[in-house]
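We will go stop by stop.

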Amino acid sequence: MAERIVPAGGTKGSTRIVPPGGTIGIVGGGQLGRMTALAAARLGYRCHVFCPEPANPTSLVAAAATVAAYDDQPALEAFASAVDVVTFEFENLPRPSFDVLERLVPVRPRPAVLETSQDREQEKFLVVGQGIATAPFAVVRTADDVEPALARVGVPAVLKTARLGYDGKGQAMVRTPGEALEAFARLGGVRCVVERFVDFACEVSVIVARGLDGAIAPYDTVENRHKHHILATTTAPARIGAASAREAQAIARRLAEALDLVGLLAVEMFVARDGRVLVNELAPRPHNSAHWTIEACVTSQFEQFVRAVCGLPLGDPSRRFDAVMTNLIGHDVDAWPALIAEPGAHLHLYGKTETRPGRKMGHVTRLYPRT
Ligand code: AMP
């Protein structure tokens, strides 16, 4: 492991560079951690994964693994002492766990960024505070808030739990005001955000990297299609007007700066039929909608992520090819024999032993000449 220099006053806000040879701690053991560990290995780093599941896609390709609950403080302490920097591929970590890690080792992105992205209410206020548009929304804390919130937002609307929602989980459509109270109860009566359903022309995302030195490198704006709330395909570049694509890039840059981010930020957006761009959601980590960058860009999102969290200069995010990335969800993965035989198809399998409906098992990227 690289020599460990802990600056006086702790590691908080540290600007320490972790050179190749060092160990990157990754919290979370899914496919994002796995592809990060593969990119890290290519640059001479070791990865140590922390996650509760003994059989996880990341530890199969990592140098070390800690299998423990996300709130196991002694295990977190031992993990933090064994690595040079900590990052996340899973952001729903309890607050006290962040504190344990941060006392011992630089955490990038910083925990406050993760906290904002864990909470749709905080996230929305960050976005609108930057003068950036979202769908009209209101916060619902109790059943009494439901009716006035819905009157402000209008129908159809989507009710989303403020915390712990992903891939459409913790969400309910509200088509008429009469459905709202029941939807709130169905989501457990917890704090929610209700937002107007956007009749969008398409969904896009921008993944932006920000380095320790403040350098910013956005990938091209890409277009995302979802099936049953799960990303199905990403097309790069997005087939939208140049002005909307530029606006999406500017939004991602502004949010990365506002968060004082070190790492990657994925910004998911709706493009309205009149070309306006509305922010839907943020994720401060590698993102499914940037898997196409592995083959199609000069620097992949995973290498860029490693560069950012280790304090290295960012790589060139330029697109070398146009690309379509297709997720292999559940039994889609059974088509692997045809995909592996298809000339030019880049197949990625995540090493998950059990195929379940809705589970991301792999993806395939097809490249096309750059437009
Ligand atoms: P989310 O978990 O917020 O990313 O939502 C998952 C997916 O649900 C989005 O990618 C959209 O396809 C859809 N969705 C979420 N919110 C809205 C909305 N306000 N209007 C229209 N579609 C939405």
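**Stop 1: a pair of strands.** Select S6 and S7. They pair in the antiparallel sense over 4 bridges. Two strands count as paired if DSSP finds at least two bridges between them. Strands here are DSSP runs of E with at least two residues, helices are runs of H or I with at least four residues, and both are numbered from the N terminus. Now pick Ala157: its bridge partner in S7 is Val174. Strands of a sheet pair through backbone hydrogen bonds, either parallel or antiparallel.

Before moving on, two notes on the model. It is a predicted one, where local features need pLDDT of at least 70 and side-chain atom pairs count only at pLDDT 80 or more, while totals for chains, interfaces and linings use all residues. Residues are numbered from 1 along each chain as its sequence is written, and side-chain values use heavy atoms, with hydrogens and water left out.

**Stop 2: the whole sheet.** You now have an open sheet of 4 strands, in the order S5-S8-S6-S7, with antiparallel pairing. Which strands stand at the edges? They are S5 (137-140) and S7 (171-174); each has a single partner strand, so one side of each is left without a neighbour in the sheet. On average, neighbouring strands of this sheet are turned by 20° against each other, direction ignored. Such angles use axes, which are lines fitted to C-alpha atoms (for helices, over the stretch in contact), and run from 0 to 180 degrees between N-to-C directions.

**Stop 3: another sheet.** Select S1 to S4. This open sheet of 4 strands has parallel pairing and the order S3-S2-S1-S4. Zoom in on S2 (residues 46-51): 4 bridges join S2 to S3, and the two run parallel. Val49 has Ala65 in S3 as its bridge partner.

- Glu203: a polar side-chain atom lies 2.6 Å from a ligand oxygen atom.
- Val198: a backbone N or O atom lies 2.8 Å from a ligand nitrogen atom.
- His229: a polar side-chain atom lies 3.2 Å from a ligand oxygen atom.

The protein covers 94% of the 480 Å² of accessible area that the ligand has on its own. Accessible areas come from the Shrake-Rupley method with a 1.4 Å probe; for residues, only the protein chains shown count as cover.

**Stop 4: backbone details.** Select Pro156, in the loop between helix H6 (143-153) and S6. The peptide bond from Val155 to Pro156 is cis, with omega near -5°. Go on to Pro237, in the loop between S12 (230-236) and helix H8 (242-258). The bond from Ala236 to Pro237 is cis, with omega near 0°. Finish at His228, in the loop between S11 (222-227) and S12. His228 is not a glycine, yet has a positive phi of about 50°.

Note on methods: A polar contact is a pair of N or O atoms within 3.5 Å; within protein, one must be able to donate a hydrogen and the other to accept it, and residues adjacent in sequence count only if both atoms are side-chain atoms.
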